[in-house]
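Got a minute to get to know a protein and the ligand it holds?

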Amino acid sequence: MSATGTVYLVGAGPGAPDLLTLRAARLLERADIVFYDALVHPETLALAERAEKIAVGKRCGRHSTAQRFINKRLVDAARKHALVVRLKGGDPLLFGRAQEEIDELDAAGIRFEIVPGITAALAASAAVGRSMTRRGLSRNVAFVTPRTGAGEEGHDWAQTVLAADTCAIYMGVGEAAGIASTLLARGASPDRPVVIVENASLPDERRLPSRLADLALAAASGIAGPAIILIGEVYARISPVPAAAVAERTRAA
Ligand code: SAH
């Protein structure tokens, strides 16, 4: 038997507990210890019946355990336990600082594996029923965040958004007004279709379709849950409620 355990960096998916992969579910069932993020659903966590569960959650602006401390705790846990799970929202390899954890595990000689999850952009596009790529209209998709970490150099996120056919902006709703004005100032069309999806895949999911010129307004409509901004022609003419829900209401009336 190896002297240290294995750390699994596991994607918990966008929110709905049944959007977890089977591999993730099986690992959670066998886990000795689970370090989880703030957006992980309680039912997902409950699968880890026998594990010690430790919140290291990050939600923008709220309390979070310092990343360096998390890295170190993963190494320590692998020295004590056979099966360590690091459970992250969505996919672990997108905007989750996974590389810092991977590098630390690597440096300590600890085995790790990555289990992909469904990222928020895909769940959000599914929520509005639109393909992110489309023949003749969209042949590329960009995953972007305008957010920069403390001490990190700024980057030209707007250039990426302007160049992409379809774009998903993570961690951007709080600064939607600035995002819209930057893009407009750089020549984006005010009519470019935009949709904000809040709580994608969850029962309180909301879609706020708009256009770039009105993005700030849409973002100001009391968004409390995690939300993502989708931009591109593929998001034209989305109704605020799904057509099936409208049909349902008409039938009921
Ligand atoms: N690794 C995660 C992203 C972490 S960054 C993933 O792959 O999805 C956190 C950001 O993801 C949030 O600020 C929000 O922009 C987005 N997000 C996460 N869950 C979401 C959800 N259920 N609905 C909409 N956006 C979500």
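First things first: what you're looking at is a predicted model. The ligand sits between two domains, because domain 1 (6-115) and domain 2 (120-252) both give residues to the shell around it.

**Around the ligand**

- Count the neighbours and you get 17 residues surrounding the ligand. The closest are Pro14, Asp91, Leu94, Thr119 and Ala227.
- Sorted by class, this shell is made of twelve nonpolar, four polar and one charged residues.
- Which backbone atoms come up to oxygen atoms of the ligand? For alanine 227, a backbone N or O atom is 2.7 Å from a ligand oxygen. For alanine 120, a polar backbone atom lies 2.9 Å from an oxygen atom of the ligand.
- How much of the ligand does the protein cover? On its own the ligand has 550 Å² of accessible area, and the protein covers 90% of that.

**The sheet with parallel pairing**

- Here you'll find five strands in an open sheet, with the order β3-β2-β4-β1-β5 and parallel pairing.
- At the edges stand β3 (52-55) and β5 (111-115). Each has a single partner strand, so one side of each is left without a neighbour in the sheet.
- On average, neighbouring strands of this sheet are turned by 20° against each other, if you ignore direction.
- Phenylalanine 35 has isoleucine 54 in β3 as its bridge partner.

**The sheet with mixed pairing**

- Another open sheet also has five strands, in the order β6-β7-β10-β8-β9, and its pairing is mixed.
- Which strands are at the edges of this one? They're β6 (141-144) and β9 (206-211), and each pairs on one side only.
- From one strand to the next, the twist averages 20°.
- Strand β8 (residues 193-198) and β9 run antiparallel, with six bridges joining them. Look for proline 193, which stands opposite arginine 211 in β9.

- Serine 201 is in the loop between β8 and β9. Its phi is near 80°, which is a positive value in a residue other than glycine.
- Arginine 237 is in the loop between β10 (227-232) and α9 (243-252). Its phi is positive as well, near 50°, and again this is a residue other than glycine.

Technical notes:
Residues are numbered from 1 along each chain as its sequence is written. This is a predicted model: local features need pLDDT of at least 70, side-chain atom pairs count only at pLDDT 80 or more; totals for chains, interfaces and linings use all residues. Side-chain values use heavy atoms; hydrogens and water are left out. A residue is near a molecule or strand if one of its heavy atoms lies within 4 Å of it. A polar contact is a pair of N or O atoms within 3.5 Å; within protein, one must be able to donate a hydrogen and the other to accept it, and residues adjacent in sequence count only if both atoms are side-chain atoms. Accessible areas come from the Shrake-Rupley method with a 1.4 Å probe; for residues, only the protein chains shown count as cover. Ala, Val, Leu, Ile, Met, Phe, Trp, Tyr, Cys and Pro count as nonpolar, Asp, Glu, Lys and Arg as charged, and the others, Gly among them, as polar. Domain bounds come from an automatic or database domain assignment. Two strands pair if DSSP finds at least two bridges between them. Helices (H or I, at least four residues) and strands (E, at least two) are DSSP runs, numbered from the N terminus. Axes are lines fitted to C-alpha atoms, for helices over the stretch in contact, and angles run from 0 to 180 degrees between N-to-C directions.
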